[in-house]
Amino acid sequence: MTTTTHNRAVFVDRDGTMIEDVGYLDRLDRLKLFPYTVDAIRLLNRGGFKVVVVTSQAGVANGIVTEEFLVQAHDAIARKVAGGGGQIDGFYYCPHLPTAAVEKYRTECECRKPKPGMIHSAARDLSLDIGRSFVVGDRWRDIEMGQAAGAVGILVETGYGKTEASRRPDSVKPVPVVANLIEATSWILRHQ
């Protein structure tokens, strides 16, 4: 008889949470991790969490960047994190938009935030226990995605977070609001 391990995870938004939000990231030389990102991921790993990046990428839908470039960017992020002793266990992205310029991405999907499709896919692929997991992001749609999936959300004030924090939609349950990813990590490790 085999037993399945259900791991806890932290689902982390990419732009504005882990890396500087530069609009559409279309060149690797514009990719800048926040100074605490690697430390945060390493601490989460040491705390027993898988770390999964979840990101909506309308730039693909609109023909600004390719999926091949996204893979290159995510490989670059993973290498930087690994260089500091951390590990990202998966990258999940949504390339779709109902109004996409590129026809093959023009669809109403289940993976575009605030829908929980990316979390559900990662949970299946990585045997994750969503109910014991967290979502960290700088937009309410990140938090909504987490709440829809059954994870605990934390809003960071980097990226769009400071503006978003003052405008919580009624449909989103109150969540902790912290300065950045390293403070979210500290909160998670204290409240796990």
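These entries record what I looked up in a predicted model.

**Basis.** I number residues from 1 along each chain as its sequence is written, and my side-chain values use heavy atoms, with hydrogens and water left out. Because the model is predicted, local features need pLDDT of at least 70 and side-chain atom pairs count only at pLDDT 80 or more, whereas totals for chains, interfaces and linings use all residues.

I looked up the largest pocket and found a volume of about 320 Å³. A pocket here is an open set of points on a 1 Å grid over the protein atoms alone, where a 1.4 Å probe fits, with protein on both sides within 12 Å along at least five of seven lines. The volume is the space filled by probe spheres set on the points. I noted 18 lining residues, a lining residue having an atom within 4 Å of a point. Nearest the centre of the pocket lie Asp-15, Asp-21, Ser-56, Arg-139 and Arg-141. Two or more lining residues come from each of β2 (49–56), α2 (58–61) and α5 (140–149); helices (H or I, at least four residues) and strands (E, at least two) are DSSP runs numbered from the N terminus. The lining holds nine charged residues, five polar and four nonpolar. Ala, Val, Leu, Ile, Met, Phe, Trp, Tyr, Cys and Pro count as nonpolar, Asp, Glu, Lys and Arg as charged, and the others, Gly among them, as polar.

**Helix α1.** In α1 (residues 37–46), I found Thr-37, Val-38, Ala-40, Ile-41, Arg-42 and Leu-44 buried, that is, under 20% relative accessible area with a 1.4 Å probe, protein chains only. Their cover includes β1 (8–12), β2, α3 (67–83) and α7 (181–191). After α1 comes Gly-48, with a positive phi near 95°.

**Helices α4 and α5.** I read an angle of about 50° between α4 (residues 117–126) and α5, with the axes 8 Å apart. Met-118, Ile-119 and His-120 of α4 make the contact (heavy atoms within 4.5 Å) with Met-145, Gly-146 and Ala-149 of α5.

**Backbone.** I noted a cis peptide bond between Lys-113 and Pro-114, with omega about 15°. Pro-114 sits in the loop between β3 (90–94) and α4. Ser-127, although not a glycine, has a positive phi of about 50°, and its place is the loop between α4 and β4 (134–137). Most residues other than glycine have a negative phi, and most peptide bonds are trans.

How values were computed. Axes are lines fitted to C-alpha atoms, for helices over the stretch in contact, and angles run from 0 to 180 degrees between N-to-C directions. Buried means under 20% relative accessible area, exposed over 50%, partly exposed in between (1.4 Å probe, protein chains only).
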